[in-house]
Amino acid sequence: MDRKTQFLKVYANLPQGTREEIVAVVKNEPYTWQSARLEVEQETPIGKEILELLEKLKILQ
C-alpha cells in the first residue's frame, strides 16, 4: 500500500474533532489533518513532504 492510500485510510478512521488538530509542520506552516488531506489528495510538493514526515513519525507504516 502506498503512502497516500495509508494516509487516507488513517484519515478516514479519525474522529471528526481530531481532524481539526495539527498533524504536521512544514516550512513553519502548521497543517491540520484536513488541510494535509487536501495537500495529499492534490499531490502537491507540500503533500509529499507531509507524507514523508508522517512516515518518519511512524504514523504511516
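This is a predicted model: local features need pLDDT of at least 70, side-chain atom pairs count only at pLDDT 80 or more; totals for chains, interfaces and linings use all residues.

Q: OK, aromatics. How many aromatic pairs does a search of the whole structure find?
A: The search turns up 2 aromatic pairs. One is Phe7 with Tyr11: the ring centres are 6.3 Å apart and the planes sit at 20 degrees, so the pair is stacked.

Q: Why do 20 degrees make Phe7 and Tyr11 stacked?
A: Because planes under 30 degrees apart count as stacked, and theirs are at 20 degrees.

Q: Is Phe7 buried or exposed?
A: Buried: Phe7 has 0% relative accessibility. Tyr11 is buried too. Trp33, at 8% relative accessibility, also counts as buried.

Q: What lies over the face of Tyr11?
A: Arg19 does, at 4.4 Å from the ring centre.

Q: Switching to helix packing. How do α1 and α3 cross?
A: The axes of α1 and α3 (residues 45–56) come within 10 Å and cross at roughly 75 degrees. That makes α1 roughly perpendicular to α3.

Q: Which residues make that contact?
A: From α1 you have Arg3, Lys4 and Phe7, and from α3 there are Leu51, Glu52, Leu54 and Glu55.

Q: What about Gln6, buried or exposed?
A: Gln6 lies in helix α1. With a relative accessible area of 13%, Gln6 is buried.

Q: What's Gln6 in contact with, leaving aside neighbours within four places in sequence?
A: With those set aside, Gln6 is in contact with Met1, Leu60 and Gln61.

Q: And Gln34, where does that lie?
A: Gln34 lies in helix α2. Its relative accessible area is 29%, so Gln34 is partly exposed.

Q: Which residues is Gln34 in contact with, again leaving aside neighbours within four places?
A: Gln34 is in contact with Tyr11, Gln16, Arg19 and Glu20. Also, the C-alpha atoms of Gln34 and Ile22 are separated by 9.0 Å, with the two residues 12 apart along the chain.

Q: New topic, Val25. Where's its place?
A: Val25 is in strand β1, residues 22–26. Not counting residues up to four places away in sequence, Val25 touches Pro30 and Leu53. From Val25 to Ile50 is 8.0 Å, C-alpha to C-alpha, and they're 25 residues apart in sequence.

Q: Now backbone angles. What's phi of Lys27?
A: Near 55 degrees, which is a positive value in a residue other than glycine. Most residues other than glycine have a negative phi.

Q: Where's Lys27 found?
A: Lys27 is in the loop between β1 and β2 (29–32). At 63% relative accessibility, Lys27 counts as exposed.

Q: And what's phi of Glu43?
A: Phi of Glu43 is near 55 degrees, a positive value in a residue other than glycine. Glu43 lies in the loop between α2 and α3 and is exposed, with a relative accessible area of 51%.

Q: Last one, where's Ile59 found?
A: Ile59 is in the segment after α3. At 34% relative accessibility, Ile59 counts as partly exposed.

Q: What does Ile59 touch, not counting residues up to four places away?
A: Ile59 touches Val10, Trp33 and Leu54. The C-alpha atoms of Ile59 and Val10 are separated by 8.5 Å, and the two are 49 residues apart along the chain.

Conventions: Residues are numbered from 1 along each chain as its sequence is written. Side-chain values use heavy atoms; hydrogens and water are left out. Rings of Phe, Tyr and Trp (its six-membered ring) pair if their centres lie within 6.5 Å; planes under 30 degrees apart count as stacked, over 60 as edge-to-face and the rest as tilted. Buried means under 20% relative accessible area, exposed over 50%, partly exposed in between (1.4 Å probe, protein chains only). A charge sits over a ring if NZ of Lys or CZ of Arg is within 6 Å of the ring centre and within 35 degrees of the ring normal. Axes are lines fitted to C-alpha atoms, for helices over the stretch in contact, and angles run from 0 to 180 degrees between N-to-C directions. Helices (H or I, at least four residues) and strands (E, at least two) are DSSP runs, numbered from the N terminus. Angles under 35 degrees count as roughly parallel, over 145 as roughly antiparallel, 65 to 115 as roughly perpendicular and the rest as oblique. Contact means heavy atoms within 4.5 Å.
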